[in-house]
Each structure stands twice: as C-alpha cells, then as structure tokens.
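Morning, everyone. One structure today, and I'll keep it short. Please look at the screen.

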Amino acid sequence: QVQLEESGGGFVQAGGRLRLSCTAPGSIFSIVVMAWYRQTPGKQRELVARITSEGDTNYADSVKGRFTISRDNGKNTVYLQMSSLKPEDTAVYYCNVRGRTPWNVRLSDYWGRGTQVTVSS
C-alpha cells in the first residue's frame, strides 16, 4: 500500500508557527495535485490548501493570508507553512496526493496517516 510520510505537527501557542511536510514515495508519478486537509472529531475532513503541478494554489477562506502551501516536484514533497495559528486550527492534518502508480495508472488519491496540530489559547 502506498504511504505518504508526514512530519511537522505538534503543540504551539496561539500566534505561533508550524511547518508541515509530506513526501510521496517515488512509486507515485504524474502527480497533478498535492494538498493538505484537516479533520476534527465529529466533523468532515476539509480542504486546507492545494497546489497543482503548475503551481496554482487554493486555500480555505479560514486560512488565507496565514498558511502557505508549496511543493518541491523533484522531491515529491509538499509543505504547509502555518503562521498566526489559532486554537480553531487544532486538528489532525492529512496530506493528499493525486497521481498514478505503476500498478494503478488511473489518477487516484493517496493519503497520509495524519499529523496532530494543537494550538493553545
């Protein structure tokens, strides 16, 4: 099973910064979109930010101006720089990649296990 490797979550005070990283294995190619989602207990997973292979970005309204998504195509890695963090940003953050593998050439979504971000007030 294809597994994305996430890192960078943790505990931070309101107003602080964290940087999340996610690396997709080399078995995933033709990656068209890399994204970050987040989820809190009892709620649906929501899109935080996404970036296409051309570098086009989209952000949830709640994080615009505070979060920045970027990617390193050569390393199959996506980053999420989070600044001015608020307690409502507390969630499990999941990395998502849409691409192809040698055993599944159709574009498919692949997910990380999630990393906890906790922001204290």
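In which strand is the place of serine 108? Serine 108 sits in strand 10, residues 104–111. Strands here are DSSP runs of E, at least two residues, numbered from the N terminus.

Quick housekeeping. This is a predicted model: local features need pLDDT of at least 70, side-chain atom pairs count only at pLDDT 80 or more, and totals for chains, interfaces and linings use all residues. Residues are numbered from 1 along each chain as its sequence is written, and side-chain values use heavy atoms, with hydrogens and water left out.

Back to serine 108. Is it buried or exposed? Serine 108 counts as buried because its relative accessible area is 17%; buried means under 20%, exposed over 50%, partly exposed in between, with a 1.4 Å probe and protein chains only. Its side chain makes a polar contact of 2.7 Å with the side chain of asparagine 104. A polar atom of the serine 108 side chain also lies 3.1 Å from the backbone oxygen of arginine 106. A polar contact is a pair of N or O atoms within 3.5 Å; within protein, one must be able to donate a hydrogen and the other to accept it, and residues adjacent in sequence count only if both atoms are side-chain atoms. Leaving aside neighbours within four places in sequence, serine 108 touches Val97, Arg98 and Gly99. Contact means heavy atoms within 4.5 Å.

Next, alanine 35. Alanine 35 is in strand 4, residues 29–39. At 1% relative accessibility, alanine 35 is buried. Its C-alpha atom is 4.0 Å from that of arginine 50, 15 residues apart along the chain. Beyond four places in sequence, alanine 35 has contacts including Leu47, Ile69 and Tyr94.

Four strands form an open sheet, in the order 1-3-8-7, with antiparallel pairing. Two strands pair if DSSP finds at least two bridges between them. The edges are strand 1 (5–7) and strand 7 (67–72), each pairing on one side only. Three bridges join strand 1 to strand 3, residues 18–23. Serine 7 stands opposite serine 21 in strand 3.

Finally, the whole protein. How many helices and strands does the protein have? Zero helices and 11 strands. The C-alpha trace spans about 45 × 25 × 20 Å along its principal axes. Of the 121 residues, 42% count as buried. Among contacts with a separation of 6 or more, 57% come from residues 24 or more positions apart.
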